[in-house]
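Here's a quick tour of a protein chain for anyone new to reading structures.

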Amino acid sequence: NREELTEEKFIEHPKFGRIYRTGDLTSRHANGEICYHGRIDLQVKLRGYRVELGSIETALSKLPGIKSAVTKVQEMKSGQVLVSYIIAEENAAIDFENIKKSLSITLPDYMVPAHFKILDKFPTSASSGKLDRKALPDIEEEVVQRNKRDIFPPKTEIEKIVANAIINTVGGLADISIEDNFFAIG
């Protein structure tokens, strides 16, 4: 029931009629082979989920104290994670844990960034003056002390297998609880 979005995605092609615009950038060689060049939008795939970075940035920009935000996928020891860069409004006190809580109300867990960094300005390309996502500085992965909480150790065989897989994959976690949030752990 969003007519403008339907019109944007289902376009009239002069040769093929009504087609769906996927967001993939491709070209066709003379021999008919299709070559994939990437995405024309800000959609990424992370842990099996399709994530629209623009949706995260919009949600962040709506929060108090945040002037603008940019999000990217960054490779870390624990794997690929979402990281967001924020330009704060003047004299705004930014609390990253409150930001995560606020985002978790409007976004699914897998779309809540794991790390944040405050910048004075976003990097831009010299030629066009547009945002240069590739020039965003990497965020250093820190060992985060998790809040004191009740730990419910794995009891069943499946819970033990999953807990061990998380410990082996993420590393540095000795106190896995069956109530831990995978995305919050990393």
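Before we start, one term: two strands pair if DSSP finds at least two bridges between them. With that in hand, look at strand β1 (residues 10-13) and strand β2 (residues 17-20), which run antiparallel and are joined by four bridges. Keep in mind that this is a predicted model.

**The whole chain**

- The protein chain has five helices and nine strands.
- The accessible surface of the protein chain comes to about 13,100 Å², and carbon and sulfur atoms make up 51% of that.
- Take the contacts in the protein chain with a separation of 6 or more: 46% of them are between residues 24 or more positions apart.

**The hairpin at β1 and β2**

- How many residues does the hairpin use to join β1 to β2? It gets there through three residues.

**The three-stranded sheet**

- Further along you'll find an open sheet of three strands, in the order β7-β8-β9, with mixed pairing.
- Its edge strands are β7 (66-76) and β9 (115-118), and each of these pairs on one side only.
- From one strand to the next, the twist averages 25°.
- Strand β8 (residues 79-88) and β9 run parallel, with four bridges joining them.
- Find Ile86 and look across: Ile118 in β9 stands opposite.
- A handy thing to know when you look at any sheet is that in a regular strand the side chains alternate between the two faces.

**Helices lying across the sheet**

- Helix α2 (residues 53-61) lies across β7, β8 and β9, and runs at about 140° to β7.
- Helix α3 (residues 96-106) also lies across β7, β8 and β9, and runs at about 125° to β9.

**Salt bridges**

- A salt bridge here needs a side-chain nitrogen of Lys or Arg within 4 Å of a carboxyl oxygen of Asp or Glu, and by this rule the count comes to two.
- One of them brings together the side chains of Arg133 and Glu57, at 3.0 Å from N to O.
- Why does this pair tie together parts that are 76 residues apart in sequence? Arg133 lies in the loop between β9 and α4 (157-170) while Glu57 is in helix α2, so the link spans that stretch of the chain.
- Is Glu57 buried or exposed? Buried means under 20% relative accessible area, and Glu57 has 11% relative accessibility, so Glu57 counts as buried.
- Arg133 is partly exposed, with a relative accessible area of 22%.
- The side chains of Asp138 and Lys72 also meet in a salt bridge, at 3.2 Å from N to O.
- That pair links distant parts of the chain too, with Asp138 in the loop between β9 and α4 and Lys72 in strand β7, 66 residues apart.
- Lys72 has a relative accessible area of 12%, so Lys72 is buried.
- Asp138, at 49% relative accessibility, counts as partly exposed.

Key. Residues are numbered from 1 along each chain as its sequence is written. This is a predicted model: local features need pLDDT of at least 70, side-chain atom pairs count only at pLDDT 80 or more; totals for chains, interfaces and linings use all residues. Side-chain values use heavy atoms; hydrogens and water are left out. Helices (H or I, at least four residues) and strands (E, at least two) are DSSP runs, numbered from the N terminus. Axes are lines fitted to C-alpha atoms, for helices over the stretch in contact, and angles run from 0 to 180 degrees between N-to-C directions. Contact means heavy atoms within 4.5 Å. Buried means under 20% relative accessible area, exposed over 50%, partly exposed in between (1.4 Å probe, protein chains only). Accessible areas come from the Shrake-Rupley method with a 1.4 Å probe; for residues, only the protein chains shown count as cover.
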